[in-house]
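User: I am new to this structure. Can you show me how to read it, feature by feature?

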Amino acid sequence: MTRISKLLQPRMVLLITSYADNTHDVATFSFVTPISFNPPLLAFSVAHTRYTKELIEKNPECVVNVATTEMLDDALYCGTRSGRDVDKFEKIEWEECETVKPRRVKKSPVQLECKVLKIIPAGDHNIVLCEVLTEHVKTLEYKPLMHVSGSDFATSTKIGPVA
Ligand SMILES: Cc1cc2nc3c(=O)[nH]c(=O)nc-3n(C[C@H](O)[C@H](O)[C@H](O)COP(=O)(O)O)c2cc1C
């Protein structure tokens, strides 16, 4: 079978932050989707081995930060090393949140402070269902960084309203 990420692409790249045990972490995700308008729910998929999973199990909060094309280096950096080994916030600028303990990624145009409602095992990953508690929208005029698979990335072009 073809790797599923090569079949369903491109996908938005998000930097997701977490916090527990006096440790902050930030990691890159592209298995992410909106789920509900009211209440605002989203879900992402985290592999069993990620430090992010350990932290959200201990403290069920996270911040979902949109990555732009200008943030490609940050996305690669946060997606290729674990918070178990390095403090990624030594390289990533951040700001405090209003409703949760994890940090916001400063460069990100859209930052969503979330409560983790459920972590559901699903194959080699886990579905993490989140409710958005607070949104920070600096601009919606950003160029989203899109992920294909592995180190393959893309950009997106909007078509605009068609009717
Ligand atoms: C563009 C990109 C997208 C990624 N998407 C996911 C994802 O959706 N789910 C996941 O578990 N890991 C994903 N990863 C891998 C994690 O970001 C990577 O394993 C990271 O080191 C985990 O950090 P942590 O151990 O601090 O949580 C992705 C990596 C990249 C570069």
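Analyst: Start with the elements. Helices and strands are DSSP runs, numbered from the N terminus. This is a predicted model. Its secondary structure comes to 3 helices and 12 strands.

User: How do I judge the overall form? What radius of gyration would a compact globule with 163 residues have?

Analyst: Near 15 Å. The protein has 15 Å, so it agrees with that expectation. Along the principal axes, the C-alpha atoms fill a box of roughly 50 × 40 × 35 Å.

User: How do I read burial?

Analyst: Count neighbours. A residue is buried if 20 or more other C-beta atoms lie within 10 Å of its own. Here 30% of the 163 residues count as buried.

User: Which residues of the largest nonpolar core touch the most other members?

Analyst: Leu 14, Leu 15, Ile 16, Val 63 and Ala 67, out of 29 residues in that core. The elements that each supply at least two core residues are β2, β3, β5, α2, β6, α3, β9 and β10. Take Ala 67. Beyond its neighbours within four places in sequence, Ala 67 is in contact with Val 13, Leu 14, Leu 15, Ala 75, Ser 108 and Leu 145.

User: Now a helix. Which residues of α2 are buried?

Analyst: Thr 52, Leu 55 and Ile 56. They lie on the same side of α2, because they cover an arc of only 95° around the axis. These buried residues pack against β2, β3, β5, β6, β9 and β10.

User: Is Lys 53 buried, exposed or partly exposed, and why?

Analyst: Lys 53 also lies in α2. Lys 53 is partly exposed, because 18 other C-beta atoms lie within 10 Å. Leaving aside neighbours within four places in sequence, Lys 53 is in contact with Val 46, His 48 and Asn 126. Tyr 19 is 34 residues away along the chain, yet the C-alpha atoms of Lys 53 and Tyr 19 are separated by 10 Å.

User: Last, the ligand. Which residues come nearest?

Analyst: Phe 31, Thr 52, Gly 79, Ser 82 and Gly 83, of the 23 residues around the ligand. β3, β5, α2 and α3 give two or more residues to this shell. β3 gives the most, with 4 residues.

User: How many residues of the shell are nonpolar, polar and charged?

Analyst: The shell around the ligand has 9 nonpolar, 10 polar and 4 charged residues. Notice Thr 52: it is among the nearest to the ligand, and it is a buried residue of α2.

Note on methods
Residues are numbered from 1 along each chain as its sequence is written. This is a predicted model: local features need pLDDT of at least 70, side-chain atom pairs count only at pLDDT 80 or more; totals for chains, interfaces and linings use all residues. A nonpolar core is a set of buried Ala, Val, Leu, Ile, Met, Phe, Trp, Tyr and Cys residues joined through C-beta atoms within 7 Å. A residue is buried if 20 or more other C-beta atoms lie within 10 Å of its own, exposed if 12 or fewer, and partly exposed in between; C-beta atoms are placed from the backbone. Two residues are in contact if their C-beta atoms, placed from the backbone, lie within 7 Å. A residue is near a molecule or strand if its C-beta atom, placed from the backbone, lies within 6 Å of it. Ala, Val, Leu, Ile, Met, Phe, Trp, Tyr, Cys and Pro count as nonpolar, Asp, Glu, Lys and Arg as charged, and the others, Gly among them, as polar. The arc is that of the directions from the helix axis to the C-beta atoms. The radius of gyration is taken over C-alpha atoms; the globule rule is 2.2 Å times the number of residues to the power 0.38.
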